[in-house]
Amino acid sequence: EAVVSTQSTGKEQKPGKGVPSLKKVHEREVVKVTDQAEIIKCLTFCCFGEKLVTVGEDKAISIWEFPSLVRRWRITQHLSEVTQVTAHSMGEPEVVTATRGSECIIWDVETGLQKQQLKYSGGIQGAKYRYRNIRYGASGDTFYAVIVPIAWSNKTSSSHLVKYDTTTGTWIVIKEQAIRGEPLAELVISSDESFVATSSSNGHVYIFDAHSLGLRRRVFEAHGLFVTGLAFTSSHTDTQYKLLSVSADRECKVHNPHIADPIRFLKAAVVFLLFIGLIYLLFCLLSSSGLLPHIDDFDEDPLHEHHEHSHHGEL
């Protein structure tokens, strides 16, 4: 038996040891699936909650009617362990699964058939990559993936944040951002699809512009250990998004994606000052070589000189 959801019975509990001090605490009734032999690794709801998709240790995915929990399909086409499953954000009968191998497959929930298999062709030639994390965009017209090498090398390997266009018959890559030397893991998209955030096993947090995948902010060593979860939230008053990150270091931190990385502005300022300095040195060099008038030549007023000549002529 495997637990797949919970429902409230409305039964009150009295506050006591191990019970939160709330006015009403509801006991939960566990809904169990008896037709699931393997342990469930991950799951997701789709079709506006009418379908439930579960993934077991046996590499198979099961599609259930909900809440009746009648299984419609059991798909056993994966070659390696399934690590991720995500559903279409606008309720279309479509889910995507990713495995520890290089598989990333799009499934039709209504028929249980494979629609397409994504294959990453970027990165280092000859290297094998896997889809470590996957998410649909808010509209369902885009799809994001964190792609990493199966065999990681600290010297040459890079993680890739990839954005797909899902409106075409065959999904195509429209944007890509590489992060060198950082094995990325988590992935989250804001509800209005303005920001994309990911994290590394070194505790760094990255925030990107969702449209261009340009890096807005890198929070270096946001956590002392690897990040285990990311989530966007927004204020009810000013709709300013905040990014929450949690880690194995038992800390939860808040990041503001609206503030760009100050280091990037500092680098831009340094480059601008160096450019101005280079122009000044070039001007001085040309002036000293006689190719340009010396800067002291501009101190004399030609009108003043003309008046002096006229005055001497009259004398």
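**Surface and strand features of a predicted model**

Trainee: Is Ile 279 buried, partly exposed or exposed?

Mentor: The model discussed here is predicted. Ile 279 has a relative accessibility of 42%. Buried requires under 20% and exposed requires over 50%, so Ile 279 counts as partly exposed.

Trainee: Which helix holds Ile 279, and which residues form a nonpolar patch with Ile 279 on the surface?

Mentor: Ile 279 lies in helix α1, which spans residues 262-288. Together, the members of the nonpolar surface patch have about 530 Å² of accessible area. Besides Ile 279, the patch consists of Phe 272, Leu 273, Phe 275 and Ile 276.

Trainee: Do strands β5 and β6 run parallel or antiparallel, and how many bridges join them?

Mentor: Strand β5 covers residues 61-65, and strand β6 covers residues 71-75. Their direction is antiparallel, and the number of bridges joining them is four.

Trainee: What is the bridge partner of Ile 63 in β6, and which residue in the turn has a positive phi?

Mentor: Within β6, Ile 63 has Trp 73 as its bridge partner. The two strands β5 and β6 form a hairpin, with five residues between them. A positive phi of about 60° in the turn belongs to Leu 69.

Trainee: How many helices and strands does the protein chain have, and what share of its residues is buried?

Mentor: The protein chain contains two helices and 21 strands. Its accessible surface comes to about 18900 Å², with 55% belonging to carbon and sulfur atoms. Of the 315 residues in the protein chain, the buried share is 38%.

Methods
Residues numbered from 1 in each chain as written. Predicted model: local features only at pLDDT ≥ 70, side-chain atom pairs only at ≥ 80, totals over all residues. Heavy atoms only, no water. Patch = residues over 30% accessible without salt bridge, like charges linked within 9 Å, V, L, I, M, F, W, Y side chains within 5 Å. Areas by Shrake-Rupley, 256 points an atom, 1.4 Å probe, with all protein chains shown as cover. Salt bridge = Lys/Arg side-chain N within 4 Å of Asp/Glu carboxyl O. Buried < 20%, exposed > 50% of the residue type's maximum accessible area, 1.4 Å probe, protein only. Pairing = 2+ DSSP bridges.
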